[in-house]
Amino acid sequence: MDRRTHVSRRTFLKGAAATGALAGVGSLLDFQPVHFRHAQARTDISTEVFQNACPRNCYDTCAILTTVEDGVIKSVTGNPKNTYTRGRLCVKGNSYPRIVYSPDRIKYPMRQKGRGSGNWERISWDEAMTEIAQKILDIKKEYGSTLPICLNKYSGNFNLLNYGIEGMMSSIGYTSRAAGTPCWPAGIDAQTFDFGTIWNNDPEEMVDSKYLILWGVNPAWCAVHSMQIVLEAKKRGCKIVAIDPLFSQTAVKADLYLQIKPSTDGALALGMCRYILDNELYDGDWLVRNAKGYEEFFGYLKNNITVEWAAEKTGIPAKVIENLAHEFASVKPAGIWIGYGMQRHTNGGQNVRAIDALVAMTGNVGIPGGGARYAHLETWGFNYHAMVHSPPAGSLGDGDRLINMNNFAAEVLAADEPPIKMLWIACRNPMAQDPETSVMQKAFEAMDLVVTVDQFMNDTVKMSDIVLPCTTLFESPGINVSYWHHWMNLNEQAIAPMYEAKHDVEIAMELSKKLNELEPGSCSFPTDLTMEEWLANEFNAGIYQLFGINDWRELKSKGPVKAESLKVAWQNGRFRTPSGKYEFWSEEAEKFGHHPLPVWVEEYKAPEKYPFRCISPHWKLGIHSQFQQTDWMEQINDKPFVEIHPNVAAQYGIHEGDNVKVYNDLGYVIVPARITTATSKDCVVVYEAWYKDKNFNINYTVKALPADMGSKATGMPGIAFHDNFVNIEKV
Amino acid sequence: MRLMPLDQKSNLLDDLEKRFQTYLFFSQYYAGKADPPILSWFYHEMDSFLGEHPLIIQGLDLLHEVQGEDSTAFRYDFNRLFVGPGKLLAPPYESAYLNQDGLVMQEETLSVRKYYRTAGLEISALGREPDDHIVFQLEFICYLLSQEAQALNGVEDDHINYLELYRKFFAEHLMIWVPKHTRDVQVHSQTSACKAMGLLLEGFLETEKQALN
Amino acid sequence: MKGQLGFLVDIDKCIGCHSCEMACKNQNQLDPEIRWRIVYPMKGNSSVPTERCFLSLACNHCEKPECMRVCPVRAYTKLENGIVFHDKNRCIGCRMCIMACPYQVPQFNSNTKKVEKCNLCAERIEQGLNPFCVDGCITDAITLINFNEFNEIKAEREIEGFPNPNITNPSVRFIPYKPGVQIRRDV
């Protein structure tokens, strides 16, 4: 008889009691399930609609309506009350439910034994907080300050409350901070020198333009709701001109497309200015009333710029430049939308200043339908209550130590006295998105502790010691505004947070509690506020007045609201420059080491070894490392590619779909070729994105080369992402 | 020994007890409460009434090796399969297998929720954890079996036919997806402990399926 | 509503953003591999590169639907508003329709073992609403039209890349792309 044939119930139960393994979990006749409760009585299952706000780093920052049934999201759609969103979501927004309910979300706090080992153990929030808090206190003790702790947080979620993570860092003392922005700083500085700050007209009134130049911007991919406005303007008779080194999706819709040599935008603008000057097409009245230094600028143009020279620099025939300048200066209102792509160069800021000058000298500043439209922060005047906190009493040091976000890895490694020993990463994926990936790897390896807060496993989580799960936009409240349109969207909590996910502010409160428990007085971050209270604390009289409400709770019934008074930027002629005028001549610029005038600065040229400029623009199915990895997106496109001009492809023996190695001194990527006339012979194009389970990252080739501007407004210069030079070969 | 059909009254309480303890053990395992020493105890105590399904024999042979196995290796393997933070290699959610989109909290999850409500229950983490997590499903069955036993003992006086509910839930949920899940466990587990538990669960369910028919 | 409903696709307005396709997928909760509407990239020519113009296509709700003709179980019916309605309950997944449709519209769902396709949001039409793709299109490039009243002269019945419409007479019309002036390097 087999040994497995006899057992009595009693023997079994005795065994169970003996080991104690299952003690207390109950017996057949007396069992209380631990994971259940009595069902609440309910007559019917309710359907509710919540307001949400897309918090991504995107021009469109959409208002969403979320339908929830029995606590579960059924669908999302655009909120028609926000006339910019117009009730429509983009391809990314429509895929949201798949992110919330993916079984692969990070669900619980987890600790990895050996960075990159994949050996993870589940820990409680309390254990996680204890370990982190203990490390913070140990560091403080060993180094005498909290400077060895470094925060790298940026644009993964622009909900105002997510600034609570910066607040938490401030609450423990002076720390090291990734400062600056990889995105748009050169252009911000340029406009800050010219206007005093960035402020663009309401994009919805672009329909009133008579002439619109889309300069280095691709709204058909990156701001689809604005592309609708552009097409509507076109329908109403506005001439649409696109200027771009790439024949982009936006450019194919333009009445006139100019394929400019990369990084020579300033030369084109200055050439146009010279033509306008020579032909007296400028708005002299406007200049007299509003501008400082235009005489000097005119002098510069006369002495240094000709249309022929501009044609030579830009690759655009002189006749075309003259024609463009003539048209632009002869119609009003005429506006220019300046993209972020064109300022990611070593002369990017100067190029933006030159374009600003073109708009200003034609008197198109401060009028509806006109403007040098770049971005704005006018609706962002919240309290930043979650963000601004004082260090605890007795903190040593005289302020945070700034680490250039755009050269993060190298600066972390170089930091000394004290060195950086701990990283906290939130709303970012630096292992995938930053330049010089291999240096980043080394920086992570040099840490004592890496904490990452995220929703999904990615390259950065893989290199972390502790990962903390954070909520999606549907699971926490918040408030969102855009750096482009003028709306404010309330974000309501539509569903309970899944698993053990917490919002950044809740994480900050947990950590603060733990720090104070271990060492009273070691953290000043408040621990007793509800999320609604945190939200309420962000509002002030200025915001209420700007948006025409008396209390933020009104948004619950009213829906999104718009700051109507901001509609036309600089209409009152009061510029925020030192002189109060539009400054062609900027002493501020000079202070920061630039020529005071918008002058031509030579573009960065291809070194002999690496003849191709590798442009890495945004991709239409994702934003940075978000969205492209979801299965719905993968059905549309599941692989990265490099765009190569047909002549270049022929020269290198490359056919459509062939694997191509794109390389330089820093590193390489291997991607299939897509042969297209959308690019030119001197450029290859790789769209930056993060693909799940693919060893693709264009940033392996990108050097942390600074753009010319950015230090004044954002603390650090931008990155010249598009001054990346490579060679290619078929593999 | 094979599990007796549930409707043979003479053995009913005993049979309920065995099923109850087995389900309870698997639910404890999936709740992360087991480790190699406990599994090894399981091997010694439990093997005798799990039946002789080939998968069970195979699983028990494998479990025999568990005693010497490293607890941490088991824990990492367990997390890779069922917990995260990476893409789950054997997701413990019914919907991950049955939902056309591979999403949780969809029709499949809500159908499980409805079952719980039929028995007057809902998960305490309603809306936060998917209702169809295997721990909940196994614990729910324990509850049904316990209620049935109490009814037999005259403790509970209820109109719900718990046994029938169990049969239906077993056929319409557990049996539909858990074998797919345990096959994922076979493919992806790196330790004997996880692999053995997958085999045992699948073998047990197969045996039970026959017993219930 | 009687007549013949269909789509007017304005290629000149379409920016290939896939929002129509994703709105359909989101609202109808489709499987990842199922696409009732597909935004097809068009081949380039001297005035436009490949993948800069697009054909956004769903079911064309043909006047003479081949799918309906070949279906052995009558899963397809032509409604009085012209919608070619596919009844999943009747479908046996034989895939005859997939072979017959000149536009590769019906798709086989390997989970349900049945065919599925766009029913032009028939329930929404009954409520006087637009199909999800029409409401989801960011640039208003897709319009629901009734051929009984439709007389847009710019609309074309044939367009490059779209199969010969003479077999089934599809209920779809196109407004072609009108290129602007281009000053391009290296062409």
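This is a predicted model: local features need pLDDT of at least 70, side-chain atom pairs count only at pLDDT 80 or more; totals for chains, interfaces and linings use all residues.
Me: How many residues of helix α1 of chain B are buried?

Reply: Of the 19 residues in α1(B), 17 are buried, so the helix is mostly covered.

Me: Is B:Leu13 buried, partly exposed or exposed?

Reply: Buried requires a relative accessible area under 20%, and exposed requires over 50%. B:Leu13, a residue of helix α1 of chain B, has a value of 31% and is therefore partly exposed. Together with A:Leu29 and B:Leu152, B:Leu13 makes a nonpolar surface patch of about 210 Å².

Me: What area do chain C and chain A bury between them?

Reply: An interface is often sized by the accessible area lost when the parts come together. Here, chain C and chain A bury about 4000 Å² between them, with 51% of it on carbon and sulfur atoms. Three residues, C:Met22, C:Arg52 and C:Arg185, supply 21% of the area that chain C buries against chain A, more than any other three residues. In terms of contacts, 44 residues of chain C meet 54 residues of chain A.

Me: How many salt bridges are counted between chain C and chain A?

Reply: The count is four. C:Arg185 forms a salt bridge with A:Asp682, with the closest N and O atoms 2.8 Å apart.

Definitions and conventions: Residues are numbered from 1 along each chain as its sequence is written. Chains are lettered from A and ligands numbered from 1 in the order in which they are written. Side-chain values use heavy atoms; hydrogens and water are left out. Buried means under 20% relative accessible area, exposed over 50%, partly exposed in between (1.4 Å probe, protein chains only). Helices (H or I, at least four residues) and strands (E, at least two) are DSSP runs, numbered from the N terminus. Patches are made of residues with over 30% relative accessible area and no salt bridge: like charges are joined within 9 Å, nonpolar side chains (Val, Leu, Ile, Met, Phe, Trp, Tyr) within 5 Å. Accessible areas come from the Shrake-Rupley method with a 1.4 Å probe; for residues, only the protein chains shown count as cover. A salt bridge is a side-chain nitrogen of Lys or Arg within 4 Å of a carboxyl oxygen of Asp or Glu. Contact means heavy atoms within 4.5 Å. Buried area is the accessible area (1.4 Å probe) that two parts lose on being put together, summed over both.
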